[in-house]
Amino acid sequence: QVQMAQSGGGLVQAGGSLRLSCAASGSISSINDMGWYRQAPGKQRELVATITSGGSINYADSVKGRFTISRDNAKNTVYLQMNSLKPEDTAVYYCTADVRPRFQFAVRTYWGQGTQVTVSS
C-alpha cells in the first residue's frame, strides 16, 4: 500500500504566495517522476510541473518563472512553491508520484487527494 498526503493550499490575494507539499509513504521501493497537476472548474486537468528522481524539471508555460517544484528524495516528498499568484491559478491541485512498490516490478502512478488553491483579485 502506498499513500499520498498533501498539505498546503488555501486562499490568497493576487500576487501572494503559497507552498504545497506532498509526501508518499508506505511500501515503496523507488519513486521515479513526481509532479503537480491542477484542475479548474469546468476545465480539464492540466500539468503544472514535473521533476525526475535526478532533478530534471518541466513546467507548464503558464507557470514558468512563478512556480518552483522541488523534491526531497530522502523524505519521498515533492513541493510546489507558488509565487506571484494570479486568479487564473485558482484550481484544485493534485500531486503525483510514479512509484515502484516493494516486491513488485511495475511502476504505478499514485495521486494525492487534491487541495484547493483560490486566488482572489
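**Briefing: sheet, disulfide and salt bridges**

Ser7 has Ser21, in S3, as its bridge partner. This is a predicted model, in which local features need pLDDT of at least 70 and side-chain atom pairs count only at pLDDT 80 or more, while totals for chains, interfaces and linings use all residues. Residues are numbered from 1 along each chain as its sequence is written, and side-chain values use heavy atoms, with hydrogens and water left out. Strands are DSSP runs (E, at least two residues) numbered from the N terminus, and two of them pair if DSSP finds at least two bridges between them.

**Sheet**

- Four strands form an open sheet in the order S1-S3-S8-S7, with antiparallel pairing.
- Strand S1 (2–8) and strand S7 (67–72) stand at the edges with a single partner strand each, so one side of each is left without a neighbour in the sheet.
- From one strand to the next the twist averages 15 degrees, the angles being taken between N-to-C directions, on a range from 0 to 180 degrees, of axes fitted as lines to C-alpha atoms.
- S1 and S3, which run antiparallel, are joined by seven bridges.

**Disulfide**

- One disulfide is counted, the criterion being a pair of cysteine sulfur atoms within 2.5 Å.
- Cys22 and Cys95 form this link, with an S to S distance of 2.0 Å, and the pair connects distant parts of the chain, since Cys22 lies in strand S3 (residues 18–26) and Cys95 in strand S9 (residues 91–101), 73 residues apart.
- The link of Cys22 and Cys95 is right-handed, with 45 degrees about the S-S bond.
- Both Cys22 and Cys95 are buried, where buried means under 20% relative accessible area, exposed over 50% and partly exposed in between (1.4 Å probe, protein chains only).

**Salt bridges**

- The structure holds four salt bridges, each defined as a side-chain nitrogen of Lys or Arg within 4 Å of a carboxyl oxygen of Asp or Glu.
- Asp89 pairs with Arg38, their closest N and O atoms being 3.0 Å apart; Asp89 lies in the loop between strand S8 (77–82) and S9 and Arg38 in strand S4 (residues 28–39), so the pair ties together parts that are 51 residues apart in sequence.
- Asp89 also forms a salt bridge with Arg66, at 2.7 Å between the closest N and O atoms, and Arg66 lies in the loop between strand S6 (57–59) and S7.
- Arg66 is buried at a relative accessible area of 11%, and Asp89 is buried at 1%.
- Through shared partners, salt bridges join Arg38, Glu46, Arg66 and Asp89 into one network.
- Lys64 and Asp61 meet in a salt bridge (3.1 Å, N to O); Lys64 is partly exposed at 48% relative accessibility, whereas Asp61 is exposed at 65%.
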